[in-house]
Each structure stands twice: as structure tokens, then as C-alpha cells.
Amino acid sequence: MKHILVRSTVRALFRSGQNYHRNVHRHGGGAFGSFYWRRMSTLPEKKEDHQSDSDENNNKNSNPVVSSYWGITRPKVHREDGTEWPWNCFMPWESYNSDVSIDVTKHHVPTTFGDKFAFRSVKFLRVLSDLYFKERYGCHAMMLETIAAVPGMVGGMLLHLKSLRKFQHTGGWIKALLEEAENERMHLMTMVELVKPSWHERLLVITAQGVFFNAFFVFYLFSPKIAHRFVGYLEEEAVISYTQHLNAIESGKVENVAAPAIAIDYWRLPKDATLKDVITVIRADEAHHRDVNHFASDIHHQGKELKEAPAPVGYH
Ligand SMILES: [Fe+2]
Ligand SMILES: [Fe+2]
């Protein structure tokens, strides 16, 4: 019942936005490449009183929980081809062309005790996950993305709190880490289009999240240096997993189905993109996360704070 009300509210908010418009044209270049969009928003127009009443009554009849009192409208956004932007979870300016030229074979050789601890912990978790998922690549990827999206959020949150506590800038690292978490969540939103989790997998996710979030929170408080190294190795394993997934697609073990619509818009893929294209760009993302986290750990290894090094904001 609750989610029906929420959905209805959002739908009605969108409808109310259609009366209010302002055009903003933006063209390519910069972070957005050749992508541009048309945005129509948000300044409310003053209506005649009787019209307002009539609209309000109509709204009451069709959906009693909707109110335009707060003036909240969702901006109307269009794709480059003029079609309406269908997603709420990300906007065109958050989509990007993936840099798939990144080296997917890089590895940080563990040297210190902390590095070795992080590396062996990840390898141990890898053995467990391989035992559980075997060659169910899609399911494996989907479940791991539910974990992969946690560290960036925890790290970003703790840096945020530190910034508040110490009255300090953090050099863009909060944003960089939250971007990583969001990017991982988009991997999950994509995988969910391809694999439907069963009830016991959902239960596993809830349990794993409860354990991993709290464990990583304490881990990051105790040593951000080792925590980032741990994530760097997790990302190395993610690259390996997606390489295996690609090999399975190429050998025909996994069907190379059409790419989900959400993936086409998020990574600006061609309309006829396939699963192979999607896994290729996700693997490139994982390689970027690997580098960001090993870099963050290296900064701590040098006895410095993250804010003293350039934050990889918008690094894909
Ligand atoms: Fe991911
Ligand atoms: Fe990742």
C-alpha cells in the first residue's frame, strides 16, 4: 500500500511539472562529451484562482495524497534525439562514455603486513563466493555488486563526518568516494535487469549487508589505509570476475542478450549494444575503482591525508 502511494505521488508530481517550463540548452564538450539535453523546469506559473481550485479538486479525486503546495516538480529532461529521459535514478549529465582502454591486468603486489592482510582476506572471500556461485556469472556479479557499493558510501560518510568535526575541507574525496558507491549501485541496477534474485539470495544480501557494512565501518575507522587497500583488491577480483564473464559470453556459455535500456543510457552505448558491451564497460569501471582505492591507500602509506592528493572526481 505504501509503495503504491509513493508511486502515485511521484507520477502526479511529474504531471504537475508539465505546466511549468523553462528551457535550458546545453551542448557537448567538457565532462559531457557530445551529449546534450533539453531541460524543462521548474518555475511555477501563477494560475487563476478558479483554475487552481479545479486542478486541486481533480487531483483530490484522482489521487488524494498529492499536493502541489510545495512546488516540487521533476525537471523534464530529454535525450539528444528529443525523446523524454525515462530515468529518475540518474540524469544525462551523470551518464558517460566509459574509458575501456584502462589496463585490466594491473595488480598491486602486497608488501606490508597490512597489504598482505587485505590481499589474503579478499582471496579468502573469493574462495567462499566461488564455492557458492560456481559458474553462475550473472548471479555472482549481482550479489557482489550489493557489497561493492558499500565501501565508497562508508568512506565518503566517514570523511564527511571528519570534515564536520575538524572544520576541514577534504579535497573532493567525499564526492569521489560517493561517486564510486553510486557507480557500483548502477552496476547493480543493471544486473538486476538481467538476473532476478531468488528469495534466499535476497536473504543472503540482507545478512551480508548487515555484517559487511558494520565490519567495514569499524575497519575504516581503525585504518583507512588498509581499508582502501582491501577495496583495491576487491576491485581486482571484480575485474577478474568480469573477465571470466566476458570469456563465457565469447565461448557461448552465456547468451549475449541485448543490453538493458538503463545500461544503454548510463554508459551512452549504441542502441544495439549487447551484454558483452555492458560487461566490458562495467569491468572498466571496476579497474578505475581499483586504481582509486590503491591510490588512496598509497596516500595513507606516505603518511599523508587524502585531501593532500588530487581527488579522482568524475574518474571513470
Ligand atoms: Fe561493480
Ligand atoms: Fe567496483
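Predicted model: local features only at pLDDT ≥ 70, side-chain atom pairs only at ≥ 80, totals over all residues.
Me: How many helices and strands make up the secondary structure of the protein?

Reply: The protein has 10 helices and 3 strands. Along the sequence they follow the pattern α-β-β-α-β-α-α-α-α-α-α-α-α.

Me: What share of the residues counts as buried, and what share of the contacts joins residues at least 24 apart?

Reply: Of the 316 residues, 27% count as buried. Among contacts between residues at least 6 apart in sequence, 75% join residues at least 24 apart.

Me: By what is a pair of packed helices described?

Reply: Two packed helices are described by the angle between their axes and the distance between the axes. Here helix α4, residues 137–148, packs with helix α6, residues 173–194. The angle is about 150° and the axes are 9 Å apart. Angles over 145 degrees count as roughly antiparallel, so α4 and α6 are roughly antiparallel to each other.

Me: Is the crossing of α4 and α6 left-handed or right-handed, and which residues make the contact?

Reply: α4 and α6 cross in a left-handed sense. On the α4 side the contact is made by G138, A141, M142, E145, T146 and A148. On the α6 side it is made by E184, H187, L188, M191, V192 and L194. Sorted by class, this contact has 7 nonpolar, 3 polar and 2 charged residues.

Me: At what angle do α8 and α10 cross, and how are they oriented to each other?

Reply: Their axes cross at roughly 160° and come within 8 Å. With an angle over 145 degrees as the criterion, α8 and α10 are therefore roughly antiparallel to each other. α8 passes α10 in a left-handed crossing. By class, the contact of α8 with α10 has 12 nonpolar, 11 polar and 8 charged residues.

Me: Where does UniProt place the feature "binding site"?

Reply: An unreviewed UniProt entry places a "binding site" at E184, E235, E286 and H289. These residues are spread over 106 residues of sequence but cluster in space, with a largest C-alpha distance of 10.8 Å. For "binding site", UniProt (unreviewed entry) also lists E145, E184, H187 and E286. That set is spread over 142 residues of sequence, yet its residues cluster in space too, the largest C-alpha distance being 10.5 Å.

Me: How is burial read for one residue, and is E235 buried or exposed?

Reply: Burial is a neighbour count: a residue is buried if 20 or more other C-beta atoms lie within 10 Å of its own. E235 has 25 such atoms within 10 Å, so E235 is buried. E235 is found in helix α8, residues 224–250. Not counting residues up to four places away in sequence, E235 touches E286, H289, R290 and N293.

Me: In which helix is E286 found, and what is in contact with E286?

Reply: E286 is found in helix α10, residues 275–301. Leaving aside neighbours within four places in sequence, E286 is in contact with E235, A238, V239 and Y242. E286 is buried because 27 other C-beta atoms lie within 10 Å.

Me: Where is the place of E145, and which residues are in contact with E145?

Reply: E145 is in helix α4. Its contacts, leaving aside neighbours within four places in sequence, are E184, H187, L188 and M191. With 22 other C-beta atoms within 10 Å, E145 is buried.

Me: By what distance are the C-alpha atoms of I226 and D298 separated?

Reply: Their C-alpha atoms are separated by 9.7 Å, while I226 and D298 are 72 residues apart along the chain.

Key: Residues numbered from 1 in each chain as written. Chains lettered and ligands numbered in written order. UniProt positions renumbered as here; feature names shortened; annotations may be inferred. Helix = DSSP H or I, 4+ residues; strand = E, 2+ residues; numbered from the N terminus. Buried ≥ 20, exposed ≤ 12 C-beta atoms within 10 Å, placed from the backbone. Contact = placed C-beta atoms within 7 Å. Axes fitted to C-alpha atoms, helices over the stretch in contact; angles between N-to-C directions. Parallel < 35°, antiparallel > 145°, perpendicular 65-115°, else oblique. Left-handed = near helix turned anticlockwise from the far one by under 90°. Nonpolar A, V, L, I, M, F, W, Y, C, P; charged D, E, K, R; others polar.
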